[in-house]
Every structure is written in C-alpha cells, then in structure tokens.
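Subject: Structure handover

Hello,

Here is the structure for you to look through. Please open it first, then read my notes below.

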Amino acid sequence: MRLIVITVLLVLVFSAFLAGVTFVLSNFEDLSDGVNEEVLVKGFVPLDNIPYPVSSANVLDHYVAIDLRLEINDIRREGEITALMPRIRDAIVRDAHRAGPRRADGVESIDLVRVKDRAKTMANQILGGEVVGRVLITRVAKLVA
C-alpha cells in the first residue's frame with residue numbers, strides 16, 4: 001500500500017515539474033518581452049579633510065576639518081564625479097570661507113546642518129542637476145594652529 005502511495009506522489013510531483021517547465025518554455029518569448037526597468041544604484045564618493053574656519057570675535061581662531069561622503073544618485077556616474085572632485089572641493093572651501101557656516105546659538109563652532117546643505121548645493125551646481133542626493137559627515141576634527 002505504501003509503495004502505491006509513494007509512486008502516485010512521485011508521479012504527481014514529476015508531472016507538476018514537467019508542466020512548469022513546459023509552461024515556461026512555451027511562453028518564454030512572452031515572459032521575456034517584459035519592460036526592462038533601469039534601477040539606479042546609489043553610491044558614495046568621499047570628500048575628506050575639508051577645512052572650515054572658525055572665528056571668535058571676528059578673528060580667525062582655528063579650523064575644523066570635516067570628512068564628507070557625497071551620496072550620488074547613480075553609481076554609473078562615479079568616474080565622472082571623481083574627475084570633478086577638485087572643482088567640487090574648491091567650490092566648497094571657497095564657500096566655507098565666504099559664507100562661514102557659524103552656529104546661530106553663539107557657540108564658537110560651525111553649523112553642521114548648513115555645512116551639509118551648502119556642500120550639496122555646491123556639488124550639484126558643478127555637476128548639473130540633482131546628482132548628489134545628500135551629504136553625510138563622517139568626521140569632524142578641530143585643527144589647532
């Protein structure tokens with residue numbers, strides 16, 4: 001009796017497998033004609049050791065070095081972005097010395113939220129469009145003169 005049940009189950013499993021293979025092979029063209037969606041993969045480009053001046057009573061007191069990571073919306077453009085990193089770095093440093101992202105609460109330091117916003121703005125101006133989705137800060141260090 002067990003041999004009959006096992007044989008019937010094996011025949012059913014084999015039939016189901018054969019039916020699945022037949023369905024895929026007979027409808028292969030229809031199944032493969034689906035619209036291919038292009039998925040953009042995000043990536044990160046490092047931008048290390050950006051100096052930001054910190055002033056006390058309108059006199060330069062010290063610098064703060066910040067390491068940034070630019071989150072780019074399309075990893076395929078990483079080579080192009082890496083080639084433009086000197087221009088992006090220069091724009092961020094110039095903006096830091098011009099705009100000086102000081103904290104509004106009176107603490108003699110820089111506003112990290114403004115640093116991230118300004119770095120994203122400068123990078124997107126050079127790259128054209130919304131290439132940089134966000135900027136991450138990975139390190140902040142006070143540089144003593």
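The notes go from the whole chain to the strands, the core and the surface.

First, the ground rules. This is a predicted model: local features need pLDDT of at least 70, side-chain atom pairs count only at pLDDT 80 or more, and totals for chains, interfaces and linings use all residues. Residues are numbered from 1 along each chain as its sequence is written, and side-chain values use heavy atoms, leaving out hydrogens and water.

**Whole chain**

The chain has 5 helices and 3 strands. These are DSSP runs, numbered from the N terminus: helices are H or I with at least four residues, strands are E with at least two. From the N terminus on, the order is α-α-β-β-α-α-α-β. Buried residues make up 25% of the 145 residues. Buried means under 20% relative accessible area, exposed means over 50%, and partly exposed lies in between (1.4 Å probe, protein chains only). The accessible surface comes to about 9900 Å². Carbon and sulfur atoms hold 61% of that surface. Areas come from the Shrake-Rupley method with a 1.4 Å probe; for residues, only the protein chains shown count as cover.

**Strands**

Strand E1 (residues 43-56) runs antiparallel to strand E2 (residues 59-72), and 12 bridges join them. Two strands pair if DSSP finds at least two bridges between them. Pro 53 has Tyr 63 in E2 as its bridge partner. The hairpin of E1 and E2 has 2 residues between the strands, and Ala 57 there takes a positive phi near 55°. E2 is also joined to strand E3 (residues 132-143), by 10 bridges, again antiparallel. Ala 65 stands opposite Ala 141 in E3.

**Core**

The largest nonpolar core has 25 residues. Such a core is a set of buried Ala, Val, Leu, Ile, Met, Phe, Trp, Tyr and Cys residues joined through side-chain atoms within 4.5 Å. Tyr 52, Leu 68, Ile 88 and Ile 92 have the most contacts inside this core. E1, E2, helix H4 (85-99), helix H5 (112-127) and E3 each supply at least two of its residues. Leu 68 touches, among others, Val 45, Val 115 and Ile 137, not counting residues up to four places away in sequence. Contact means heavy atoms within 4.5 Å.

**Surface**

Which element holds Val 8? Val 8 lies in helix H1 (residues 2-26). Val 8 is partly exposed, with a relative accessible area of 45%.

Best wishes
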